[in-house]
Amino acid sequence: MRSDQNGLALLAGLFLAAVSIPSARTHPAHAKPVNYPFVVGFERFHGSLDDEAYLAEGGFILLNELNCVACHAPPEGIAGQFSGIVATALEGVASRLAPLELEIFIRNPRFAKRDTTMPSLFAGPDRDLEEVAALRSWLGTLTKEIPAHPIGDIERGRVLYHRIGCVACHAPEAGYRPPGVPDRAEIEMVGLASVPMNLADLYDLNALTDFLLHPNEHRPSGRMPDFGLSVTDASDLSAYLKAGPDLALPDDLTEALTAESPPADAALVARGRELFLTKQCHACHAMPGEAGGRRAMPSSKPLANLDPAATGGCFSERPVGGLVPFYGLDLVQRRALAAALKRLAERSALDPAREIDWRMKQLNCYACHERAGIGGPETSREVYFGFSGEEAIKLGRDGHLPPTLDSIGQRLDLGQLERLLSGPAHPAPSRPHLLVPMPVFRREAVAPFPLLFRRVDSEGKP
Ligand code: HEC
Ligand code: HEC
Ligand code: HEC
Ligand code: HEC
């Protein structure tokens, strides 16, 4: 865990508490961001006190999750480990983000979402504004018909959010006590930084509901799983998230998206589409409207040829410009990445047990499950795994927390494992007393698990 950061944050917190008036409640969509791209599998298990060999393991996670491997090809023998991610699907982006927000996100994503994993290709004062405008014009034409979902109930969404497992990964609202929490349970501050969610209140409300109903389509990385929400639950959740700390929705919800945007100029739109390729946006995003994933990026140096001691390129503390993305990495991340690059030649194929761990870190299964003594819900988040009633409370931890995954490959067969992981969404839960469901992950992301669990847990028999 990032002890250095937490220590600093704590000090800053004490200092602030002493000198300032207590600030407004922290809403999950405004939770205090960290100042570097947030990767949960790195954040929870690595920190500045790690020895170099262990820190390198974290560096390998970053190489994949920050998609370095999309531009810097991994060595062939271990390419299977480093499939990288496919970033947010941009179809319909103009129906989610208003023109101004879209422009800010393209120009410097960290202005819209400080802890985002999208690097900037235009950071630095007033660089290439004409290119940004062209990209915005083209992305601005990518609208999508979204069914009109009802406007939800903010207070109901607030209760749901804190009971059905969102807080396994995201921040709770500071100072909020979910109903149904047994009296003896204390509400503590969560110890680990949470997955950021700052786009929630920048998205159009209806689009936010639609995202919560189909996260695996919007975010093909599969890092945000599908809870199989009903339309009512999704609308209530999005109303709560959009409402922010004031717990009130803006008066005119349609205003932002329908506001006068500069008229689309056909030449500018065409130039934007072309720039999407030349600026290498398609290294991470699929080309909107094209079938298939992102395109191959043969042009940058292979991973094995990168200089681990480099201070320039993508390790730079300041934007370099040109085609070099700016990530705003922090010191520990840079050290971890350098350590990983140094050990790249020694990196071997993963045996099945290590591969399970590798994938559970990427997808943050550890937010809810423990396996082989690793992970499980953080203690201070356990109160956000709701109890369904008195009977469940009597069962203690088993009454509200997801099961351990030890020996799961012995207990379930391949077909059962497949259905559990990639849907359809929890048709018949085997533990109906749990309020937190097993969410459904994108099929490609979880496809290897069933065989891996069977291999490791049932003595080699698939
Ligand atoms: C969108 C494509 C892209 C992505 C993604 C990307 N890079 Fe780069 N990187 C480049 C380009 C372009 C250069 C300039 C040198 C070149 O052409 O390879 C560069 C240069 C570098 C250099 C300096 C190379 C040297 O040997 O001097 C390092 C180190 C580096 N990148 C590491 C990373 C890491 C670590 C990540 C992920 C956090 C990453 N890059 C993600 C495109 C990318
Ligand atoms: C297993 C961890 C996990 C759980 C549980 C989870 N999320 Fe997420 N969520 C993520 C990750 C990771 C992302 C960022 C994905 C990306 O970078 O594309 C995300 C993104 C989001 C976003 C997009 C906002 C933004 O700024 O990118 C919203 C809204 C959201 N989650 C809401 C929810 C809600 C509501 C729940 C509960 C129903 C929930 N999440 C449960 C992991 C999780
Ligand atoms: C290294 C990978 C990478 C590259 C290169 C990249 N993106 Fe992204 N992009 C991401 C990721 C990851 C997200 C999700 C960020 C989040 O939610 O925090 C994202 C999100 C976005 C979004 C927000 C979409 C939404 O609906 O939430 C826009 C717009 C966008 N990218 C445009 C671009 C453009 C334009 C380029 C080229 C100039 C580009 N991206 C290059 C990784 C990348
Ligand atoms: C938001 C919390 C959450 C996340 C994240 C999550 N799970 Fe689960 N999972 C559950 C719950 C709750 C159950 C129990 C469902 C039931 O029995 O009704 C479960 C059940 C399971 C089971 C069956 C266990 C048994 O004993 O019946 C497996 C296997 C499993 N999950 C694997 C995974 C994997 C792999 C991941 C990551 C890709 C993951 N889960 C992510 C909550 C979660």
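The following legends describe close-up views of a predicted model.

**View 1. Polar contacts of ligand 1 with histidine 72, lysine 301 and aspartate 307.** Histidine 72 places a polar side-chain atom 2.8 Å from a nitrogen atom of the ligand. Lysine 301 also contributes through its side chain, where an N or O atom is 3.0 Å from an oxygen atom of ligand 1. For aspartate 307, a polar backbone atom is 3.2 Å from an oxygen atom of ligand 1.

**View 2. Polar contacts of ligand 2 with histidine 170, leucine 199 and arginine 219.** Leucine 199 takes part through its backbone, with a polar atom 2.8 Å from an oxygen atom of ligand 2. In the case of arginine 219, a polar side-chain atom is 2.7 Å from an oxygen atom of the ligand.

**View 3. The largest cavity and its lining.** The structure contains three cavities of 30 Å³ or more, and the largest has a volume of about 110 Å³. Its lining is formed by 16 residues, with Val40, Arg44, Ala168, Leu192 and Arg381 nearest the centre. Nine of the lining residues are nonpolar, three are polar and four are charged.

**View 4. The second largest cavity and its lining.** This cavity has a volume of about 50 Å³. Among the residues that line the second largest cavity are Pro178, Pro179, Gly180, Val181 and Pro182. The lining also includes Arg163, Val383, Gly386 and Phe387. By class, six of these residues are nonpolar, two are polar and one is charged.

**View 5. Arginine 343 in the loop between helices H14 and H15.** Helix H14 spans residues 331-342 and helix H15 spans residues 352-363, with arginine 343 located in the loop between them. Apart from neighbours within four places in sequence, arginine 343 is in contact with Glu52, Ala53, Ala56 and Phe60. The C-alpha atom of arginine 343 is 44 Å from that of lysine 242, a residue 101 places away along the chain.

**View 6. Serine 221 in the loop between helices H10 and H11.** Serine 221 occupies the loop that connects helix H10 (215-218) with helix H11 (231-243). Serine 221 counts as buried because its relative accessibility is 15%, and the limit for a buried residue is under 20%. When neighbours within four places in sequence are left aside, the contacts of serine 221 are with Ile85 and Val86.

Note on methods:
Residues numbered from 1 in each chain as written. Chains lettered and ligands numbered in written order. Predicted model: local features only at pLDDT ≥ 70, side-chain atom pairs only at ≥ 80, totals over all residues. Heavy atoms only, no water. Polar contact = N/O pair within 3.5 Å; in protein donor to acceptor, adjacent residues only side chain to side chain. 1 Å grid on protein atoms, 1.4 Å probe; cavity = no way out; pocket = protein on both sides within 12 Å on 5 of 7 lines; lining within 4 Å. Points joined across faces, edges and corners; volume = space filled by probe spheres on them. Nonpolar A, V, L, I, M, F, W, Y, C, P; charged D, E, K, R; others polar. Helix = DSSP H or I, 4+ residues; strand = E, 2+ residues; numbered from the N terminus. Contact = heavy atoms within 4.5 Å. Buried < 20%, exposed > 50% of the residue type's maximum accessible area, 1.4 Å probe, protein only.
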